[in-house]
Amino acid sequence: MRNSAVATASVGKTRGKFWRLLPQAILVYLLLALLTVFMIGPYLFIFSAAFKETYTLVSIPPKLIPDHPTLENFRNIFSNMPFGRWFINSTIVSTLSTLGTLIVCAMAGYTFAKKEFVGKQAVFAVLMATLMIPGALMLVPAFLVTNSLHLVNTYGGLILPGIGGAMGVFLLRQFIETLPSELEQAAAIDGCSEFGIFWRIILPLSKPGLTTLAILSFTGSWNSLIWPLVVVNSKALYTLPLGLALLRTEFQVNYGATSAAAIVSVVPLVIAFAFLQRYFIEGLTIGAIKG
Amino acid sequence: MSVAAESSERHTNGSDVPLPVRKSTSGALALRRNLVAYAFLSPFLILFVVFTAIPFFWALWLSLQSGLLAGPKTYVGFQNFANLPRDSITRTVFFNTVKYVAIIVPIAVLSALGLAFLITNRLVRGRDFFRALVYFPILAAPAAAAQIWSYLLAPKFGLVSYMLSAVGLPDVYFLSDPKIAILAIALIEWWRGIGFHVILFIAALIGIPAEMKEAAIIDGANGWQVATRVTIPLMRPVILFSIVMCTIWSFQLFDTVFVLTQGGPMYSTATMVWYVYNYAFRYSQLGMAAAMGVVLLLVIAPISFIQMRVLGKGVEYA
């Protein structure tokens, strides 16, 4: 079968090849069209729902385009409930815990990659072992630790436990190991301090690794629900996922409001994805080891 | 590693430090080097000890205690673990979680494999577009995905209900029917999570040398045979990785359930993590929550161990 195909092609009858592949091509693109609808359809439908009026939301059959597009749902979430505040909270918490994670993990990753010290293997092995621990096991004691530090219901309680993580150290160690040691040595000869070498040589060269970790850390924090759920109970300190989760129980709202809220919460990540797609996809496999 | 060995290693690195004449200088250097290393590690280590190491051992200790979240606790030995199988909710929760894992893992991995083959089909142009496409749902927070689907799955006026009625099927109460709810949750998790596996498999498929497939074709293999006898066996490490990740995540299902069903109806979507959260923070049964956490650890840790071994070998094509 295949041999005849090769023969046909070699004779140059591309028309024959075209007709032979056409059914397969139609099937393939049909399936891809289905996939496309299934993957972005829910987003588009919710995007449209965010602009629907109350009666269009529950119309049967469902309308894909609202009759009279309205901004009422957005007005509702931003002025009748502290959604803007939650957005700012999420921005603060995710930004600070990402910056903290980058600095702390870069310093640790650099040390594991380039320095020799007593207990190096043992400490690293312990870090890697913690990747096997499910988050739920730590939920209660992490809350109790945070409570004894008087950080429950504070930004500190939302941010500090999110800083660090063995996964970040692993990622940056892998990256920094590939940097040539000659640069550090040259800097040391020029009288650069230990921290200066890290800050002025290693960090600038680690940008790709840092970008990947920043995306992992930021999206992880931006989307996290269970930790904010246990550590915060004042509405003024809710983050977006927490607000989204409790929106309907606490505010008696319709699907228009939940749709608008879901859209607003995803938009920042979609924008970041548009610009940094390569790092998002790279981080996917590495981030997986966080478990 | 001895101090002397360490310092000599440093010198062979071509460092600028002049060779120490006296042994005490070499010792001082090694000390300084260790101090510098631990100074760099300290911010990480402090956070690690406070928010990972202490909570880990505290969690084990809590599982042997009984009491309230805030208040005195009493040591009860392994009583909590003995009580777990006696409690009907615990049994339900464990059964639900295992059932959910058994449903989602084969479906996710197989469908992802199919989609990866589809996207890397030689007739397809714009592979990068489809890779971005399957990543898109990953961007949504589980809580956001839950809200998105709660409208799509709403009875009567929801889009899915409408589509069912359009083809003559009866309306389904996706989230309030105890038999269906866990499947609805699985559907949402599939939508949000499938991209991970597809992207992994696409990378693996692209990485397989074309000569190997061509050789099989020359030997007279058809497309199906090439896939099942050449391509898929070569992808085994990636497939194993994907199965392991999917299993680990699925055992920890919580967010979607919390937002959409609160574990209901009739505990049909109550999962192990749901149990930990509710028993600790709602029902004031701290010891039982901690014991369930330990059970989860005993399930996850061995699976994670396989994952680390796979990762240690390097997932060749990912």
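Among contacts in chain B between residues at least 6 apart in sequence, what percentage join residues at least 24 apart?

**View 1. Contacts and elements of chain B.** The share is 68%, counted among contacts in chain B between residues at least 6 apart in sequence, where two residues are in contact if their C-beta atoms, placed from the backbone, lie within 7 Å. This is a predicted model, in which local features need pLDDT of at least 70 and side-chain atom pairs count only at pLDDT 80 or more, while totals for chains, interfaces and linings use all residues. Residues are numbered from 1 along each chain as its sequence is written, and chains are lettered from A in the order in which they are written. Chain B has 14 helices and two strands, which are DSSP runs numbered from the N terminus (helices H or I, at least four residues; strands E, at least two).

**View 2. The two domains of chain B.** An assignment, automatic or from a database, divides chain B into domain 1 (3-62) and domain 2 (82-313). The C-alpha centres of domain 1 of chain B and domain 2 of chain B lie 42 Å apart.

**View 3. The side of chain B that touches chain A.** Here 87 residues of chain B are in contact with 81 residues of chain A. Helix α2 (residues 23-62) of chain B supplies the largest share of this side, 20 residues.

**View 4. Surroundings of Val140(A).** When neighbours within four places in sequence are left aside, Val140(A) is in contact with Ala59(B), Leu62(B), Ala280(B), Leu286(B), Ala289(B) and Ala290(B).
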